[in-house]
Amino acid sequence: MPVSHFTAEEVRAAERATGHLLTDGTLMRRASHGVAQVVIGEFASTGGCYGRRVGLVVGAGDNGGDALFAGAELARRGVDVTAVLLAPDKAHPAGLAALRRRGGRVVAALPADLDAVIDGVVGIGGRGPLRDNAAEVFAALDPSVTVVAVDLPSGVDADTGEVHHPAVRADVTVTFGVLRHAHLLAGPQCGRIHVVDIGLSGTIGRQGGPFLYSLSDTEIAEAWPIPGAHDDKYTQGVVGVIAGSHRYPGAAILASGAAVTATSGMTRYVGSAHAEVVEHFPEVVAVPDLSDAGRVQAWVIGPGAGTDAAALEVLRTVLGTDLPVLVDADALTLVADHHDLVVGRDAPTLLTPHAGEFARLTGEPVGPDRLGAVSSLARRWGVTVLLKGRITLVAESDGVVHGNDAGSSWAATAGAGDVLSGIAGALLAAGLPPIWAGAAAARVHARAAALAARGAPIGASALLGALRPAIRELLAGS
């Protein structure tokens, strides 16, 4: 099953539903123990925790209480623990007393030679950037210090993943029971994420969309179309690609090449770059005119295809079919002025904008709430929307959203979107639902970029060249 990510209010409701486990402090004790154990684990490979020096940055409320109780447990294990109280009169009283009983000290400023710092400033209820006193504490830390965030890095919005400035950038984030939206939407800010079971699994529930999920490599590998004993090139899916031109053939070559590589079916190309496409990929059946295209099971249209009247007419014809259609690049520019082409379309429709194209479609910037923006457009237009980025979001009209963290930004290069379109289009033709086609394509696209880059910048042709090894690696790992 895809991994669920929950809103702050859904988490709070689950905590309230535990009854006495919340009110008698059991949840906090479980949470703080989890934090302490993660910190101890960070020290395990370098000689253990005895004699280590850990600092706490403590805010008001329960998040600060988690940090204080965790500090008390660490002090009991022989760790030298010091705490800065950002709001001394609002510090969790029981947590502060426990820290002091175990020998932890309250200080005006953290010492310079710390091994780790626990961020207990604010939790999922936090809003906006770090206040000045907290920002000063984190700014003064040695860059080598391991920062462990309680629940979320302070300064990160739990529901939108917006990273305010200044905010804590954590090496490790310890969260409780379930993942929050921000653990995916602001993944780079969170570092490695540990989920500690505190007893919420039986009480957590959904309260309304969007519903954010992430897929595992295994789930994507299991969904990837693999030829069976009785398959042929037609049963595996025939994808049609309308992209590029004789003058600008790059998009046509990249999108068609990606479609060829993604599945074992068949790729047809339509456009004036037909000779260039066949030169690079002779297995593609390429023709100049749509009327000669032959039968396909899904279309990819738009990358480098132009925005003139002729391009609009081709787009109108393709969207007038009952086939799945992926709409990208220039075709999105046309759709921005002709919403009627896709709104309420009965057949599966996957729009794949980057932030600028999204703004043209909607008339306003994406904004900090990317999840809300993409989910809203999918719902209003009755289509599937893939919003590109380091964190790619694929939203269905029913409120379900699949997110993928690329793990890097090596794919942020010209032409990479053409490759993504070819992959997703081939998966559509093979029969995957649009949300799965988009999410699976985003995952292998990111893996291919990482394989191609190996720590150095790449172009889209190198990304395309690494696509087959990326798919092989994904399938082998399943």
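Where is the place of proline 88?

**View 1. Proline 88 sits in a loop of this predicted model.** The loop runs between strand S3 (80-85) and helix H5 (93-101). Proline 88 counts as exposed, because its relative accessibility is 55% and the exposed class begins over 50%. Leucine 99 is 11 residues away from proline 88 in sequence. The C-alpha to C-alpha distance between proline 88 and leucine 99 is 14 Å.

**View 2. The whole protein has 19 helices and 19 strands.** Its radius of gyration is 25 Å, close to the 23 Å that the globule rule gives for 478 residues, so the protein is as compact as a globular protein of that length. Along the principal axes, the C-alpha atoms fill a box of roughly 80 × 45 × 40 Å. Of the 478 residues, 55% are buried. Among contacts with a separation of 6 or more, 69% join residues 24 or more positions apart. The accessible surface comes to about 19200 Å². Carbon and sulfur atoms hold 52% of that surface. There are 36 positive and 48 negative side chains. The centres of these two sets lie 7 Å apart.

**View 3. An open sheet is formed by 12 strands.** The order is S8-S1-S10-S19-S18-S17-S16-S15-S14-S11-S12-S13. Pairing in the sheet is mixed. The edge strands are S8 (179-180) and S13 (285-287), and each pairs on one side only. Strands of a sheet pair through backbone hydrogen bonds, either parallel or antiparallel. In which sense do strands S14 and S15 pair? Strand S14 (residues 298-301) and strand S15 (residues 325-327) pair in the parallel sense, over three bridges. Tryptophan 299 has valine 325 of S15 as its bridge partner.

**View 4. Histidine 402 lies in strand S19 (residues 400-405).** Is histidine 402 buried or exposed? Its relative accessible area is 5%, so histidine 402 is buried; the cut-off for that class is under 20%.

**View 5. Leucine 215 is found in the loop between S10 and helix H9 (217-223).** Leucine 215 is buried, with a relative accessible area of 7%. Which residues is leucine 215 in contact with, leaving aside its neighbours within four places in sequence? They are Pro2, Ile220, His402, Gly403, Trp436, Ala439 and Arg443. Alanine 310 is 95 residues from leucine 215 along the chain. The C-alpha atoms of leucine 215 and alanine 310 are separated by 39 Å.

View 6. Alanine 329 has a phi near 50°, a positive value in a residue other than glycine. Its relative accessibility is 15%, so alanine 329 counts as buried. Which residues of H13 are buried? They are Ala331, Leu332, Leu334, Val335 and Ala336. An α-helix has 3.6 residues a turn, so residues three or four places apart point the same way. The buried residues of H13 pack against strands S14, S15 and S16 (349-351). They also pack against helices H12 (309-319), H14 (355-362) and H15 (370-381).

**View 7. Arginine 454 has a positive phi of about 50° although it is not a glycine.** Arginine 454 has its place in the loop between helix H17 (434-453) and helix H18 (460-465). At 69% relative accessibility, arginine 454 counts as exposed. Most residues other than glycine have a negative phi, and most peptide bonds are trans.

**View 8. A cis peptide bond joins histidine 165 and proline 166.** Omega of this bond is about 0°. Proline 166 belongs to the loop between strand S6 (146-150) and strand S7 (172-176).

**View 9. The peptide bond from glycine 209 to proline 210 is cis.** Here omega is near -5°. Where is the place of proline 210? Proline 210 is in the loop between strand S9 (192-196) and strand S10 (211-214).

Notes:
Residues numbered from 1 in each chain as written. Predicted model: local features only at pLDDT ≥ 70, side-chain atom pairs only at ≥ 80, totals over all residues. Heavy atoms only, no water. Helix = DSSP H or I, 4+ residues; strand = E, 2+ residues; numbered from the N terminus. Rg over C-alpha atoms; globule rule 2.2 N^0.38 Å. Buried < 20%, exposed > 50% of the residue type's maximum accessible area, 1.4 Å probe, protein only. Contact = heavy atoms within 4.5 Å. Areas by Shrake-Rupley, 256 points an atom, 1.4 Å probe, with all protein chains shown as cover. Lys, Arg positive; Asp, Glu negative; His and termini not counted. Charge placed at Lys NZ, Arg CZ, Asp CG, Glu CD. Pairing = 2+ DSSP bridges.
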